[in-house]
Amino acid sequence: MATEPTVRDVVESAITLRLVSAEKAAVLSDWSDHPLSEYGGGDTEAEVAVGVLIDLQVGFEVHSDDVDDLVSGYEGTFEELTACTDGLVTVADVELIESAKGYDVLRFSLNGELVEWTVEHRGGDYLDQMPFFENMDAFTAPAVPKRWALIDIDGEPLPGRYVFGEPAALHAFGERFGITFEVYAAG
């Protein structure tokens, strides 16, 4: 009978595959010997492993909960996204331009270039996840081997969650923990 993986197993796999540095992984040292089921963040070991990657800043989530302020919600999401890239990507000057046409415009600077997305806000206080899904390839560079990837567990996507790493490393990690990564092309 196989024993349940621990948080250490996930962290060591991420370090070995160079998805995260040992220094960055130290944030979870208090959890090392705990089984994944105690860590929380999902119903399956695969979902919890994804949660560990997010906590290690290998991935991030575009939250589906309501937010108090849309601009600060997008700013926080971009902060999590850029933390995953270790300086490869910068996002600044986030603003939301309201429109009476049923959609708004999310404007921000991506590596110094102005970007505008059309966004729709369900109920007025929920971030629009679709522009991230459609544009994650813009948050990388062709000369860098790391790519963003969508996450799929048991044939079901985990909407709004993304990880960043070299495709071969992501696939090796996925094989170990029952996760399929659909890697975006270079931006």
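Is Arg107 buried, exposed or partly exposed? At 27% relative accessibility, Arg107 falls in the partly exposed class, where buried means under 20% relative accessible area, exposed over 50% and partly exposed in between (1.4 Å probe, protein chains only). The model is a predicted one, in which local features need pLDDT of at least 70 and side-chain atom pairs count only at pLDDT 80 or more, while totals for chains, interfaces and linings use all residues. Residues are numbered from 1 along each chain as its sequence is written, and side-chain values use heavy atoms, with hydrogens and water left out.

Arg107 also has a charged partner: its side chain meets that of Glu116 in a salt bridge, at 2.6 Å from N to O. The term stands for a side-chain nitrogen of Lys or Arg within 4 Å of a carboxyl oxygen of Asp or Glu. Glu116 is partly exposed too, at 43% relative accessible area.

The structure holds 5 salt bridges. One of them pairs Asp33 with Arg8, with the closest N and O atoms 2.5 Å apart. This pair ties together distant parts of the chain, 25 residues apart: Asp33 sits in the loop between helix H2 (22–25) and helix H3 (36–39), and Arg8 in helix H1 (residues 7–16). Helices (H or I, at least four residues) and strands (E, at least two) are DSSP runs, numbered from the N terminus. Asp33 counts as exposed at 59% relative accessibility, whereas Arg8, at 32%, is partly exposed.

Another salt bridge joins the side chains of Arg161 and Glu61 (3.6 Å, N to O). Here, too, distant parts of the chain are linked, with Arg161 in strand S6 (residues 156–165) and Glu61 in strand S1, 100 residues apart. Glu61 is partly exposed, at 22% relative accessibility.

A surface patch of negative charge gathers Asp65, Asp66, Asp68, Asp69, Glu75, Glu79 and Glu80; patch members have over 30% relative accessible area and no salt bridge, and like charges are joined within 9 Å. Asp66 lies in the loop between strand S1 (59–61) and helix H5 (70–84) and is partly exposed, with a relative accessible area of 48%.

Helix H4 (residues 45–55) is mostly covered, as 9 of its 11 residues are buried. Among them are Glu47, Val50 and Leu53. After H4 comes Gln57, with a positive phi near 65 degrees.

Definitions and conventions. Patch = residues over 30% accessible without salt bridge, like charges linked within 9 Å, V, L, I, M, F, W, Y side chains within 5 Å. Areas by Shrake-Rupley, 256 points an atom, 1.4 Å probe, with all protein chains shown as cover. Lys, Arg positive; Asp, Glu negative; His and termini not counted. Charge placed at Lys NZ, Arg CZ, Asp CG, Glu CD.
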